[in-house]
Amino acid sequence: MATANWTLPDHPTLPKGKTVAVVVLDGWGEASPDQYNCIHVAQTPVMDSLKNGAPEKWRLVKAHGTAVGLPSDDDMGNSEVGHNALGAGRIFAQGAKLVDAALASGKIWEDEGFNYIKESFDKGTLHLIGLLSDGGVHSRLDQVQLIVKGASERGAKRIRLHILTDGRDVLDGSSVGFIETIEKDLAQLREQGVDARIASGGGRMYVTMDRYENDWSVVKRGWDAQVLGEAPHKFQNALEAVKTLRAEPKANDQYLPPFVIVDESGKSVGPIVDGDAVVTFNFRADRMVMLAKALEFPDFDKFDRVRVPKIKYAGMLQYDGELKLPSKYLVSPPLIERTSGEYLVKNGVRTFACSETVKFGHVTFFWNGNRSGYFDETREEYVEIPSDSGITFNEQPKMKALEIAERTRDAILSGKFDQVRINLPNGDMVGHTGDIEATVVACKAADEAVKMVLDAVEQVGGIYLVTADHGNAEDMVKRNKAGQPMLDKSGSIQILTSHTLQPVPVAIGGPGLHPGVRFRSDIQTPGLANVAATVMNLHGFQAPADYETTLIEVVDK
């Protein structure tokens, strides 16, 4: 591959040297105003002023589906692909789309990862661990079905599924239908002589799927059930397990306790032991990295694993390219090189990036093209503010927005940085809890944080660009085809905890913004990937020719 020319040409009109603040409001989409639009209900004077101020400096862009590399426009966006697009300035095939292509072509069965785990099929068990859901954010049920079928056709004689129930990217309660679907497939395999069963389970937010090392006890609960075959709840089939556990007061799919499936003698049907193969089938990285570390790192010390089986382990994708974790994977990740962050740093732009733990990786790792670490530690500073742990986010909906804003304000006023880049997680993380009142508080807190950052930009004569990575808080209710809220059997509204298909705002301004700058009107369907070239322009540079076009133009005033 040819060495990149890192020198960016100067913009013909826009000057260099202005401090640029890039603010990402996580889960902040644009939807019709009603009582379920928490952004509308909340007091958000700063974002309101951006929206209702100069119309040429506020617009909407697409943040889901094909605009962020996903298979279709029925696929909701997520933080990972959103930040990839924001940072890369180009659209790369992502997650589900990569896996779909590998399954459709059959390449998945030919590559190193599958051939590696296949070595265990003759004498060992194939274990599949992941989110059983059709939400398409972390995994997809149809892909799991194809993996199970394909592995059985290629020699897997004993298969065990360790399922995690969703209720976050899909409706709460949908776990029952997903289990019924996969159980039919497993029953057919058993008729063909393949010993295929569900072995364990639990809710995604309580078992296995923690992220950014926020709460290792979540992963330990999964380890105990999946590897050791131990859990506080034991059942003879998964359908009975989920229906029983969901009947408990305040129970929901996201937080189901861990369970194991046992035989008639009470023995676990599928602990992971020496000689087995393990695949974590989520294609999204963030909530699989911690389990991958526990499965793969010999010096792992975050909890007592008790027993560490000698296995052949592969991820659906490689979850961390810098750590090479896992070392084996079924589908190769997108190669995202020449990101905007790297270009700007190599052109002298001193960069500060900050968020709290739950979104810190998004303004660093994902923004930088699935790459850990600094491009140039002499010109970059990344600050992670620890998130609350041991509670659900609706209990402290303000989260760390104020702390993020304070650190960013200080970075701006210090004069040490040419760009500050932050993520305010509130709308997304609290929105996922389904707590409407708490999400209103979360949106207000995020707006207050934006104000602190923009006030600092004002003081230094800088420029701001405020945007979001996908929708969430702007619509908290499941709707029918007519757009009306859907009700459950008891007449209560069906709360929506997932991301949405809504567009997100992009707002620009600040005293340092050239007076002739405005948003262009000739881009047919702008998306998040257009933001990178826009930010480069605001720094006084032109973007590389293969980047998605800038959102702005300069006109005579």
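## A proline to start with

Where is the place of P326? P326 sits in the loop between β9 and α11, a helix covering residues 340-346. The peptide bond that leads from L325 into P326 is cis, and its omega is near -10°. Keep in mind as you explore that this is a predicted model.

## The sheet with β13 inside

Let us turn to a sheet of seven strands. This open sheet has the order β2-β14-β13-β1-β12-β10-β11, and its pairing is mixed. At the edges stand β2 (58-61) and β11, each of which pairs on one side only. On average, neighbouring strands here are turned by 15° against each other, direction ignored.

Strand β13 (residues 463-468) deserves a careful look. Six of its six residues are buried, so the strand is largely enclosed by the rest of the structure. In a regular strand the side chains alternate between the two faces of the sheet. You can follow this along β13: I463, L465 and T467 lie on one side, while Y464, V466 and A468 lie on the other, and both faces are covered.

Strand β1 (residues 20-25) runs parallel to β13 and is joined to it by six bridges. Within this pair, V22 has L465 as its bridge partner, and V24 stands opposite T467. With strand β14 (residues 504-509), β13 pairs in the antiparallel sense over four bridges. Here L465 turns up again, standing opposite I508 of β14.

## Helices lying on that sheet

Helix α16 (residues 436-459) lies across β1, β12 and β13, and runs at about 175° to β1. Helix α14 packs on the sheet as well, where it touches β10 (351-356), β11 and β12. The direction of α14 makes about 170° with that of β10.

## A buried aspartate

Follow α14 (401-414) onwards and you reach D418, in the loop between this helix and β12 (419-424). Is D418 buried or exposed? D418 has a relative accessible area of 16%, which is under the 20% limit and therefore makes it buried.

The side chain of D418 reaches the backbone nitrogen of R350 at 2.7 Å. Leaving out residues up to four places away in sequence, D418 touches K18, T19, V20, G348, V349, R350 and H539.

## A second sheet

Another open sheet of seven strands has the order β6-β7-β5-β4-β3-β8-β9, with mixed pairing. Its edges are formed by β6 (233-235) and β9 (312-315); each has a single partner strand, so one side of each is left without a neighbour in the sheet. Neighbouring strands of this sheet are turned by 15° against each other on average, again ignoring direction.

S200 stands opposite V260 of β7.

## Helices to compare

Helix α3 (residues 79-88) is mostly covered, with ten of its ten residues buried. Among them are V81, H83 and L86. The N-terminal end of α3 is capped by N78, which places a side-chain oxygen 2.9 Å from the backbone nitrogen of E80. After α3 comes G89, with a positive phi near 75°.

Next, find a pair of helices packed together. Helix α4 (residues 95-105) and helix α6 (residues 141-153) meet at an angle of about 35°, with their axes 11 Å apart. The crossing of α4 with α6 is left-handed. On the α4 side, A96, V99, D100 and L103 make the contact, and on the α6 side Q143, L146 and I147 do. These residues divide into five nonpolar, one polar and one charged. An α-helix has 3.6 residues a turn, so residues three or four places apart point the same way.

## Two positive phi angles in loops

Which residue has a positive phi near 75° without being glycine? T208 does, and this threonine lies in the loop between β5 and α8 (216-226). T208 is buried, with a relative accessible area of 1%.

N370 is not a glycine either, yet its phi is positive, about 65°. You will find N370 in the loop between α13 (362-366) and β11 (380-385). N370 is also buried, with a relative accessible area of 19%.

How values were computed: Residues numbered from 1 in each chain as written. Predicted model: local features only at pLDDT ≥ 70, side-chain atom pairs only at ≥ 80, totals over all residues. Heavy atoms only, no water. Pairing = 2+ DSSP bridges. Axes fitted to C-alpha atoms, helices over the stretch in contact; angles between N-to-C directions. Buried < 20%, exposed > 50% of the residue type's maximum accessible area, 1.4 Å probe, protein only. Polar contact = N/O pair within 3.5 Å; in protein donor to acceptor, adjacent residues only side chain to side chain. Left-handed = near helix turned anticlockwise from the far one by under 90°. Contact = heavy atoms within 4.5 Å. Nonpolar A, V, L, I, M, F, W, Y, C, P; charged D, E, K, R; others polar.
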